[in-house]
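Trainee: Before we discuss this model, could you take me through the terms one at a time and set each value against its cut-off?

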Amino acid sequence: MEIRILLFLLLGISSTYFNAQSGTTNHLGKDTLNKPTDLTIEWIRVPEKVTIVDQHPEYGWVVPKDAIVQTAYQILVASSKTNIEANIGDIWDSGQIQRTLSSDVAHNGNDLNHGDTYFWKVRIWNQDYKASAYSEVQSFKMGSQGNTITTPNFFQVDEVKPIVFEKRGKAYFIDFGKAAFATIDFTYKAKSPHTLTFRIGEQLEGININRAPSKKSNIRYQEIKMPVEPGKIKYQLQVKTDERNTLPGKALPLPNGFPVLMPFRYAEVAGARTKLTADNFVQQAYHSYWEEDASSFKSSSEILNQVWDLCKYSIKATTFNGLYVDGDRERIPYEADAYLNQLSHYTTDREYAIARQTIEYFMEHPTWPTEWQQHVALMFYADYMYTGNTELISKYYEDLKHKTLMELSREDGLITSTKATPEFMKKLGFKDPETNLRDITDWPHAGWGGDPNVMGERDGFVFMPYNTVINSFYYQNMKIMSEFATVLGKSDEALNFELLALKAKKTINEKLLDKNKGYYIDGEGTEHSSIHANMMPLAFGIVPKEYISSVVEFIKSRGMACSVYGAQYLMDGLYNAGEADYALGLLTDQSDRSWYNMIKIGSTITLESWDMRYKPNADWNHAWGAVPANIIPRGLWGIQPKIPGYGIALIKPQMGSLESSTIEVPTIKGTIKGIYALKDGVKTYTIEIPANMGAEFRLSYGNDKQLIHNNKKTTNHFESLYLTPGKHEIRLINSF
């Protein structure tokens with residue numbers, strides 16, 4: 001595969017390359033190349049602050065732009081700073097390795113000892129076999145490996161100053177701008193002992209904090225009494241623990257050393273006997289390592305821009321617990337929540353460690369919904385595609401087979417959770433012998449919580465033992481396992497998984513596709529059709545070509561008849577089918593079943609549901625509501641890895657009615673940048689591909705259009721353009 005990628009990258013590249021924006025030619029005639037940058041150990045960008053647990057860690061770097069293509073590299077690992085500065089790799093001197101690989105390079109030198117600190121750097125050679133300078137030195141400390149191979153990343157604490165601070169009656173009102181999992185540090189000079197009353201919360205009622213959110217809801221509010229005394233100036237707010245989200249054995253505890261955290265945006269302070277200012281208060285907001293400028297998006301739609309900002313920030317704010325959790329109500333990792341969180345994390349920052357940690361956690365701590373087990377393979381696959389690493393696949397391959405539920409199939413290839421036995425549940429990792437799988441489809445159901453006003457998010461889905469949703473996931477799982485078996489050299493198993501996938505697809509389309517209606521029924525034994533039974537086959541590529549239009553029309557007739565979770569697969573399916581205008585309409589919708597509604601009602605982190613009326617116990621800090629954070633890059637801009645580790649990127653933009661857009665998408669090899677503009681009927685895409693990466697650019701158009709790539713006409717109306725590293729200008733214009 002690597003040889004093929006290298007040939008692809010070298011195709012058409014000489015010692016010059018075209019700069020599409022300036023129209024100039026850049027010569028690579030200088031004596032040395034720029035240094036490799038953005039070094040990582042175990043995909044962690046600042047390893048100095050963590051302890052590496054993998055005894056054979058992976059090294060990575062970003063190839064400098066002026067190299068264009070890496071043909072070789074040399075890694076030096078030293079036991080001291082003196083040695084590394086003298087270019088002495090006493091732990092590992094790889095020599096010149098003639099490979100294009102610039103990430104996922106496993107340590108292959110002397111053993112790395114627990115407790116020792118090491119120093120490393122790298123240099124590369126370009127396609128002209130010219131050497132770069134060595135990179136800057138990066139250090140890392142080794143720990144001991146436990147049951148997992150993933151090194152946890154470290155946390156950051158943002159000190160957020162108030163954006164609004166004013167006296168309202170007898171109390172001070174503070175707005176920190178955005179909700180965060182946080183506490184407050186404050187200074188106060190007391191002349192005598194007394195008590196301050198703090199009120200913190202996520203929601204306003206009028207101009208004050210809502211002190212009595214609905215008892216059913218999980219919108220957060222606390223009143224906290226803080227004693228102050230003479231001689232003490234610095235204080236930290238003592239946030240109270242919540243019984244439910246700190247349950248031992250269920251909720252994920254906060255990392256060691258953390259104070260109690262609660263999501264809040266607003267604060268009120270009463271009882272002060274001296275004048276206070278904004279300088280007295282700082283919100284201490286906790287989150288995992290994050291680089292804000294790793295990604296960006298802007299467009300001609302202000303609503304879409306606000307939705308992006310909401311969803312991107314939601315991913316950052318909800319990483320406070322070390323693993324992907326469902327929100328503040330339970331603080332429990334759930335597989336489906338985590339998968340959506342993972343996709344959006346990959347498209348907003350170059351962060352992979354937290355997803356890998358969560359994957360390993362799920363192998364020992366499963367949750368009950370049937371489809372949630374089927375999301376584990378999806379998480380493994382996303383990690384593989386975005387990092388190119390196979391360690392997790394290799395370690396958990398046999399156990400992962402159980403998570404696909406393949407043992408619950410019948411002869412025609414369909415599966416049912418009703419066949420799960422206590423013995424099988426144990427294979428999935430469940431400790432309680434009374435636990436059973438339960439199909440969920442979406443959440444909540446109509447009338448949830450005994451409230452007849454709750455419409456539910458299942459679009460009337462009729463549960464049958466053999467249903468379309470479960471089997472759509474099963475088909476996708478079999479495809480993934482076939483690829484994994486191939487990667488591990490298990491050719492016989494790869495073929496078997498491929499046949500199981502084909503059998504499942506064939507039977508789904510024979511028994512669950514109503515050919516008279518032109519769309520899918522919910523399951524065997526019912527004539528009912530829901531949006532879920534149709535968007536899942538569309539998202540996973542199950543729908544025969546001749547039925548795509550009728551399935552799409554049925555889906556469009558249902559509107560947003562799914563939850564914020566189901567929206568992931570609805571949007572995936574729509575972009576797979578090329579429904580750019582309708583998809584954009586959903587992204588920018590302003591009804592109460594929209595992402596913009598979350599902004600309208602006052603939240604700065606995505607909700608667990610579209611609106612509180614659809615799930616009365618919802619919280620205001622659920623990352624699975626942040627689907628646009630990955631759909632805008634992956635769907636609207638169509639930027640995804642085509643080859644594992646972004647050896648080749650796929651770029652398939654579907655802008656709909658947008659007039660302009662810019663984007664920056666982080667990848668393990670650097671940032672893919674895009675600019676789109678529609679002017680006078682001409683669509684112009686300016687794409688920048690990082691060094692050492694190629695891209696397949698797809699843009700279907702008819703015979704009445706011409707595609708101009710770097711000022712050269714192309715006649716391929718349904719073919720791909722292959723983009724080499726550097727900048728490209730692609731224009732779609734009328735041919736007459």
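Mentor: Let us begin with a definition: the expected span of a helix is 1.5 Å times one less than its number of residues, and helices (H or I, at least four residues) and strands (E, at least two) are DSSP runs, numbered from the N terminus. This is a predicted model, in which local features need pLDDT of at least 70, side-chain atom pairs count only at pLDDT 80 or more, and totals for chains, interfaces and linings use all residues. Residues are numbered from 1 along each chain as its sequence is written, and side-chain values use heavy atoms, with hydrogens and water left out.

Trainee: What span does α10 reach, and what is expected at 1.5 Å a residue?

Mentor: With 22 residues, α10 reaches 31 Å from its first C-alpha to its last, which is close to the 32 Å expected. Helix α7 (residues 391-403), with 13 residues, reaches 18 Å and is close to the 18 Å expected.

Trainee: What bend does α7 have, and at which residue?

Mentor: The bend at a residue is the angle between axes fitted to the seven residues ending there and the seven starting there, and for α7 this gives about 75° at tyrosine 397. Just after α7, leucine 405 takes a positive phi of about 70°.

Trainee: Why is aspartate 383 called buried?

Mentor: Aspartate 383, which lies in helix α6, has a relative accessible area of 2%, and buried means under 20%, whereas exposed means over 50% and partly exposed in between (1.4 Å probe, protein chains only); the residue is therefore buried. Histidine 532, in helix α11 (residues 532-539), is buried too, with a relative accessible area of 0%.

Trainee: Which residues does aspartate 383 touch?

Mentor: Contact means heavy atoms within 4.5 Å, and, not counting residues up to four places away in sequence, aspartate 383 touches Gln342, Tyr346, Arg356, Ile359, Gly388, Asn389 and Leu392. Leaving aside neighbours within four places in sequence, histidine 532 has contacts that include Thr441, Asp442, Glu457 and Cys562.

Trainee: Which residues of α7 and α10 are buried, and what do they pack against?

Mentor: In α7 the buried residues include Leu392, Ile393, Tyr396 and Tyr397, and their cover includes β5 (58-62), α5 (353-362), α9 (468-487) and α10 (491-512). In α10, Phe497, Leu500 and Ile508 are among the buried residues, and the buried residues of this helix pack against α7, α9, β22 (513-514) and β23 (519-520).

Trainee: Why are α3 and α4 called roughly perpendicular?

Mentor: Helix α3 (residues 302-317) and helix α4 (residues 335-348) pack at an angle of about 105°, with their axes 9 Å apart, where axes are lines fitted to C-alpha atoms, for helices over the stretch in contact, and angles run from 0 to 180 degrees between N-to-C directions. Angles of 65 to 115 degrees count as roughly perpendicular, under 35 as roughly parallel, over 145 as roughly antiparallel and the rest as oblique, so α3 and α4 are roughly perpendicular to each other. Trp308, Lys312 and Ile315 of α3 are among the residues that make the contact.

Trainee: How many bridges join β30 to β33?

Mentor: Two strands pair if DSSP finds at least two bridges between them, and five bridges join strand β30 (residues 705-709) to strand β33 (residues 726-734), which run antiparallel. Lysine 705 has asparagine 734 in β33 as its bridge partner. Three bridges join β30 to strand β31 (residues 712-714), also antiparallel.
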